[in-house]
Amino acid sequence: MSTVSGDKTVPETPAFPGRRWLLPSAVIHEFDPSAVRPGRRPRRTARDWIVDFSCFLLAVLIGMIAADAVGNNPHVSHTAATLDQLLGALACAAVWLRRRWPLGLALATIPLGLLSDTAGGACMIAVFTLAVHRPLRYVAWVGGINIAVAPLTFRLRPDADLPYLVSVVLSVVLVAAIVGWGLLVRAKRQLMFSLRDRARRAETEARLRAEQAQRLAREAIAREMHDVLAHRLTLLSVHAGALEFRPDAPREEVARAAGVIRESAHEALQDLREIIGVLRAADHDDTGRPQPTLAALDTLVAESREAGMKVILDSRVADPAAVPASVGRTAYRIAQESLTNARKHAPGTEVTVTVTGGPGEGLVVTVQNPAPEGEVPHVPGSGQGLIGLTERATLAGGRLEYGAESDGAFGVRAWLPWG
């Protein structure tokens with residue numbers, strides 16, 4: 001089984017990657033219905049065979065003890081004792097059907113238990129199986145009938161060693177104990193099912209949040225690229241209009257304007273190549289705003305310091321203005337989001353922002369902060385910004401890594417191409 005995320009197919013984690021034979025077939029079928037073909041019953045696992053064989057042996061052992069007691073009971077004739085043993089043998093054989101028809105077997109063993117002491121073990125196993133595999137309303141009815149017929153059973157066949165009232169009370173207590181044990185097993189299974197469902201829902205919600213963060217990052221990048229592209233095309237249109245209205249301009253001005261048009265067209269094509277494949281959002285609330293580049297990193301750090309943060313900027317790029325606009329814009333956004341994360345998750349710590357690189361080797365942006373002192377309250381939506389940064393760096397042709405370091409500090413390191 002697999003799920004589709006974007007353009008990738010993500011395989012779903014199997015419910016039980018190993019040692020399925022240690023679990024009941026009913027549990028495996030509940031967790032992984034695809035393991036059973038439609039219209040077919042779940043196959044017994046090795047554990048099922050061991051448990052079923054143990055139940056059969058227990059029913060036979062109890063039946064043999066009861067058969068010996070019936071044979072020595074002076075209140076029971078030889079013919080009745082023989083019939084008792086035959087019915088008990090039939091009930092013991094029917095134990096193998098307890099998984100297929102738990103309710104039917106429990107109902108069938110009620111008259112058998114009334115007529116045969118030898119079938120007592122099989123009757124108790126049938127009641128236990130019903131309590132494990134069926135809802136409480138069925139268990140209540142069958143258990144109540146078994147308790148109701150107990151006085152009649154010992155009235156028809158009195159126990160040779162125990163008084164009538166003691167025999168009835170012991171029988172009622174035994175039925176109640178077996179029903180309670182079965183309900184406990186069923187409750188534990190239901191708890192396990194509910195925990196598994198909650199884990200699956202949490203995984204699904206986390207995957208949806210990650211997909212939403214990626215989509216929002218793509219939309220933000222598309223908006224930024226759209227604004228930059230509009231700016232370049234406007235510049236190109238202005239210079240082309242100047243040539244149109246001043247055909248008698250000096251040759252040098254015409255050559256300079258043509259060069260600007262050629263350069264603007266080249267940069268516009270580069271921006272258009274980057275925006276293809278990125279979904280553009282439908283809102284226009286922030287269109288027309290100037291987009292920051294690497295040269296604006298000093299202003300960003302100054303604003304963070306004014307907000308009370310301790311920030312150290314180590315920029316080793318000789319000419320930030322020479323960095324391509326798209327690369328500088330991505331580097332700025334990575335530093336901006338990393339400073340925001342440090343302010344939320346590690347308040348009061350000193351953050352170091354390092355920018356290195358050059359043409360041909362790429363641009364490296366590193367943001368590090370030590371572990372905060374004391375416990376910091378959990379911030380809802382944690383991790384979504386880092387997912388967006390990873391998507392942004394990938395779309396720019398680079399890569400981004402983040403995580404805790406050996407000394408407990410947290411770092412974000414991005415490499416962006418600078419050709």
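1. L363 and its contacts. In this predicted model, L363 is in contact (heavy atoms within 4.5 Å) with L294, V317, V323, V327, A331, V355, T356, G357, A414, W415, L416 and W418, leaving aside its neighbours within four places in sequence. Local features need pLDDT of at least 70 and side-chain atom pairs count only at pLDDT 80 or more, whereas totals for chains, interfaces and linings use all residues of the predicted model. Residues are numbered from 1 along each chain as its sequence is written, and side-chain values use heavy atoms, with hydrogens and water left out.

2. The largest nonpolar core. A nonpolar core is a set of buried Ala, Val, Leu, Ile, Met, Phe, Trp, Tyr and Cys residues joined through side-chain atoms within 4.5 Å; buried means under 20% relative accessible area, exposed over 50%, and partly exposed in between, with a 1.4 Å probe and protein chains only. The largest such core has 29 residues, of which L294 and L363 touch the most other members. Two or more residues of this core come from each of α9 (297-306), α10, β4 (350-358), β5 (362-369), α11 (384-395) and β7 (410-416). Helices (H or I, at least four residues) and strands (E, at least two) are DSSP runs, numbered from the N terminus. The most is given by α10, with seven residues in this core. Apart from this core lies another, of 27 residues, including L87, L105, C123 and V142. In soluble globular proteins, nonpolar side chains tend to be buried together.

3. S338 in α10. Helix α10 spans residues 325-345 and holds S338. With a relative accessible area of 4%, S338 is buried. Its contacts, apart from neighbours within four places in sequence, are V367, L389 and V412.

4. Pairing of β7. Two strands pair if DSSP finds at least two bridges between them. Strand β7 runs antiparallel to β5, and seven bridges join the two. Strand β6 (residues 399-404) is also antiparallel to β7, with six bridges between them. R413 in β7 is the bridge partner of T366, and R413 also stands opposite E401. Further along, G403 has G411 in β7 as its bridge partner. Five residues lie between the strands of the β6 and β7 hairpin, where G408 takes a positive phi near 90°.

5. Because D52 lies in helix α2 (residues 46-71) and R98 in the loop between α3 (78-94) and α4 (102-115), the pair ties together parts that are 46 residues apart in sequence. D52 and R98 are both buried. The side chain of D52 also meets that of R99 in a salt bridge (3.0 Å, N to O). This pair links distant parts of the chain, with R99 in the loop between α3 and α4 and D52 in helix α2, 47 residues apart. R99 is buried, as is D52. Side chains of opposite charge can pair when their charged atoms come close.

6. The D314 and R316 pair. A salt bridge joins the side chains of D314 and R316 (2.8 Å, N to O). D314 counts as partly exposed, at 27% relative accessibility, whereas R316 counts as exposed, at 55%.

7. A nonpolar surface patch. Patches are made of residues with over 30% relative accessible area and no salt bridge; like charges are joined within 9 Å, and nonpolar side chains (Val, Leu, Ile, Met, Phe, Trp, Tyr) within 5 Å. Y164, L165, V169 and V173 form a nonpolar patch on the surface, with about 370 Å² of accessible area together. Accessible areas come from the Shrake-Rupley method with a 1.4 Å probe, and for residues only the protein chains shown count as cover. V169 has its place in helix α7 (residues 164-245) and is partly exposed, with a relative accessible area of 43%.

8. Overall totals. The secondary structure comes to 11 helices and seven strands. Of the 419 residues, 36% count as buried. The protein exposes about 24600 Å², of which carbon and sulfur atoms supply 61%. Among contacts with a separation of 6 or more, 69% are accounted for by residues 24 or more positions apart.

Definitions and conventions:
Salt bridge = Lys/Arg side-chain N within 4 Å of Asp/Glu carboxyl O.
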